[in-house]
Amino acid sequence: MAATELRGVVGPGPAAIAAPGGGGTGPPVVGGGGGRGDSGPGSGAALGTVAAAAAGGPGPGAGGVAAAGPAPAPPAGGSGGSGAGGSGSAREGWLFKWTNYIKGYQRRWFVLSNGLLSYYRSKAEMRHTCRGTINLATANITVEDSCNFIISNGGAQTYHLKASSEVERQRWVTALELAKAKAVKMLAESDESGDEESVSQTDKTELQNTLRTLSSKVEDLSTCNDLIAKHGTALQRSLSELEALRLPAESNEKIKQVNERATLFRITSNAMINACRDFLMLAQTHSKKWQKSLQYERDQRIRLEETLEQLAKQHNHLERAFRGATVLPARTPGTAGSGKDQCCSGKGDMSDEDDENEFFDAPEIITMPENLGHKRTGSNISGASSDISLDEQYKHQLEETKKEKRTRIPYKPNYSLNLWSIMKNCIGKELSKIPMPVNFNEPLSMLQRLTEDLEYHELLDRAAKCENSLEQLCYVAAFTVSSYSTTVFRTSKPFNPLLGETFELDRLEENGYRSLCEQVSHHPPAAAHHAESKNGWTLRQEIKITSKFRGKYLSIMPLGSIHCIFHATGHHYTWKKVTTTVHNIIVGKLWIDQSGEIDIVNHKTGDKCNLKFVPYSYFSRDVARKVTGEVTDPSGKVHFALLGTWDEKMDCFKVQPVVGENGGDARQRGHEAEESRVLLWKRNPLPKNAENMYYFSELALTLNAWESGTAPTDSRLRPDQRLMENGRWDEANAEKQRLEEKQRLSRKKREAEAMKATEDGTPYDPYKALWFERKKDPVTKELTHIYRGGYWECKEKQDWTSCPDIF
């Protein structure tokens, strides 16, 4: 909902109540006038109910309770008052926002509403264009100096703001803190309740019950007022009788004082009852407006849902009509190409406006037999292969020998993501059962992406030959950084592996290592990886992926330790991965950043390496994707400094201690150690036309190539992934849905067996991985999956009887 609509829902309330810096009048002591944020009509001294009662009531002291005075005007360049509902956490006005080093601070109109801070270039721009929004529930508010303050949500969004004065800055900071507290509270409540629909259906009843309760309370107050008036009259009568008696002068003075206090008490109680009655009338008046607005919004929502469903039905009807009216050509390669040209030429005759409004899903409309479907994508392939269908290419790939690795895959079809094809699948279905289309994917599984960490295995080969443990740690650190180089352009997500899915990579003859991955858990998703090399090292890890969607970006946090053991020396290194952030999820071009720190520890010697992945910042002058590091011995002395980027290269500098000014040791500066510079790692160039092949590296291009003798659970045999790689995305979507439903049924069967075993009291073994065993790691003391052995022996015998049927 736009910011203007949000403010409209909140409505004009008593804007002066507890608005820090809002410029409005405070509420009267008891009831009274409604001051406004601007110094306009109604901001003067309102006639409060107490003052009204005092005007007609006897006794002194009635004029001592008065309404508040006029509102001060807002300062220039600051806020125009709390313009959204009047709560202390709703506010709008002008602030100066830092843009860049050329333009500096620029004046922008900021709106704080419902826990969101949005800004616009001008107040008039609020109707159509929002320049940016930050959610305060996850934001940090920092005060720099008298007028400047910063709002940041962890690196992705940072606003450097400046107010016109210190007072104005404090008003904004107070309002932001209040809004943040409310947003955090609402977020916690929404997590606990989780059912917004039931709330929206019962709010009208709750509102009516509240008004009914208020009416009964006001009636109770009226009854109490009558009793107070009755007893007050009797009290004053008794006091008057006491005054008529002949008493000492001191007693008469006391009686007169008590009489005055009784009169003031009666006036105040009358004022309280009048204020309560006014409050009830105001609540009843606004409740009718709120009920009308709420009912209007409900009607609009129902109408939109019906319209959407009707449009989806019409869309399906038009698709069927189009298929029926289109005469498909004969099933020959030549006619297939001409059929595609005819379809494209027909579309080319349309105007630009028609192209923009076109809502047909091309992958669904042109659903042809295998050869035709492949020929459709073959037009995207340049060079001599443009006359070869994808099936023929695939057959050619199968005929390749094991040593001849493929250097290309079918080009990615130019399919735009059709939202209609997703929305029509969402109508009437549960959210958990809506299959995400393969449009978001790349034709590799997460197990294959995990195996890509071994692309620069030469770094571990060189590390195994190092005699110095500190030098060895430098190469291990470079290997750690190199695993992120494949992610810089890879914005598509890999396929989520099925439970029990495996992936092997046997490069023992060519590169001296072989690797095995297995999906060992589905909720939460976790994959175990074991790689061993005849060059003297073993790499193992278990990675659990957790993610958080924060509106404009997605944070992916891998959990679990990575182990690297060198056989000759017994050096055992461990480290964890950093956070990956995918930006511009909603609008804009996707881009990926890595941020955080990695501590690599040699558990045998105590050597450490600390790597810092610097998050990208618009204001930073440093090179993008920068990584720095230091290699220290157990005493904390720095021996090597590392510098580079996680997408290009890493350099190493030997740190030589030099005598400082005070006679002590001082660390040598980087430019002074240039002669000791060593290039540890440099990224391999991408293959030719990589932008058409999902930006795959040379290793990634070979991972999904068919190989004989693999386990029946291997990712290469996954049908939906293979169909997507071959450009048959419609069939891939259907196959992906079938596999997910099959996995869902298997999980339900295991849950039913576990429940039955619990009821019968018989022991039940939960799901166990086939090639990995879950046990406590002797070094990190963590529960993790460690390779139990047997896979390569089963492959040699071709005995796969223990493998489950997952495809």
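**Charged pairs and their surroundings**

Author: Glutamate 707 and arginine 716 are both buried (buried is under 20% relative accessible area, exposed is over 50%, partly exposed is in between, with a 1.4 Å probe and protein chains only). The two form a salt bridge, with the closest N and O atoms 3.7 Å apart. The term stands for a side-chain nitrogen of Lys or Arg within 4 Å of a carboxyl oxygen of Asp or Glu.

First, the ground rules. This is a predicted model, where local features need pLDDT of at least 70, side-chain atom pairs count only at pLDDT 80 or more, and totals for chains, interfaces and linings use all residues. Residues are numbered from 1 along each chain as its sequence is written, and side-chain values use heavy atoms, leaving out hydrogens and water.

How many salt bridges are there? The count is 32. One of them joins arginine 718 to glutamate 501, with the closest N and O atoms 3.2 Å apart. Arginine 718 sits in the loop between helix H15 (698–703) and helix H16 (719–725), and glutamate 501 in the loop between strand S9 (493–495) and strand S10 (502–507), so this pair ties together parts that are 217 residues apart in sequence. Helices (H or I, at least four residues) and strands (E, at least two) are DSSP runs, numbered from the N terminus. Are these two partners buried or exposed? Arginine 718 is buried, at 2% relative accessible area. Glutamate 501 is buried too, at 0%.

Now take lysine 742 and aspartate 805. They form a salt bridge, and their closest N and O atoms are 3.3 Å apart. This pair also links distant parts of the chain. Lysine 742 belongs to helix H17 (residues 729–760), while aspartate 805 lies in the segment after helix H18 (791–797), 63 residues apart. Lysine 742 is partly exposed, with a relative accessible area of 24%. Aspartate 805 is exposed, at 63%. Elsewhere, salt bridges that share partners join Glu442, Arg449, Glu452 and Arg490 into one network.

Threonine 491 comes next. Its place is the loop between helix H14 (469–482) and S9. Threonine 491 is partly exposed, with a relative accessible area of 34%. Its contacts, not counting residues up to four places away in sequence, are Leu590 and Ile592. Contact here means heavy atoms within 4.5 Å.

Which cavities does the search find? Over the whole structure there are six of 30 Å³ or more. A cavity is a set of points, on a 1 Å grid over the protein atoms alone, where a 1.4 Å probe fits but cannot get out; lining residues have an atom within 4 Å of a point. Grid points are joined across faces, edges and corners, and a volume is the space filled by probe spheres set on the points. The largest cavity holds about 120 Å³. Its lining has 14 residues, and those nearest the centre are Ser485, Thr486, Arg683, Leu686 and Ser697. Charge shows up here again: six lining residues are nonpolar, four polar and four charged. In this count Ala, Val, Leu, Ile, Met, Phe, Trp, Tyr, Cys and Pro are nonpolar, Asp, Glu, Lys and Arg are charged, and the others, Gly among them, are polar.

Asparagine 689 is in the loop between strand S25 (678–682) and H15. Its phi is near 60°, a positive value in a residue other than glycine. At 24% relative accessibility, asparagine 689 is partly exposed.

Last, histidine 529. Strand S12 (residues 526–533) holds it. Histidine 529 is buried, with a relative accessible area of 1%. Its side chain makes a polar contact with the side chain of serine 515, at 2.7 Å. A polar contact is a pair of N or O atoms within 3.5 Å; within protein, one must be able to donate a hydrogen and the other to accept it, and residues adjacent in sequence count only if both atoms are side-chain atoms. Leaving out residues up to four places away in sequence, histidine 529 touches several others, including Leu450, Thr451, Leu454, Arg540 and Phe772. Proline 524 lies in the loop between strand S11 (513–521) and S12. The peptide bond into it from histidine 523 is cis, with omega near -5°.

How values were computed. On a 1 Å grid over the protein atoms alone, a cavity is a set of points where a 1.4 Å probe fits but cannot get out, and a pocket is an open set with protein on both sides within 12 Å along at least five of seven lines; lining residues have an atom within 4 Å of a point.
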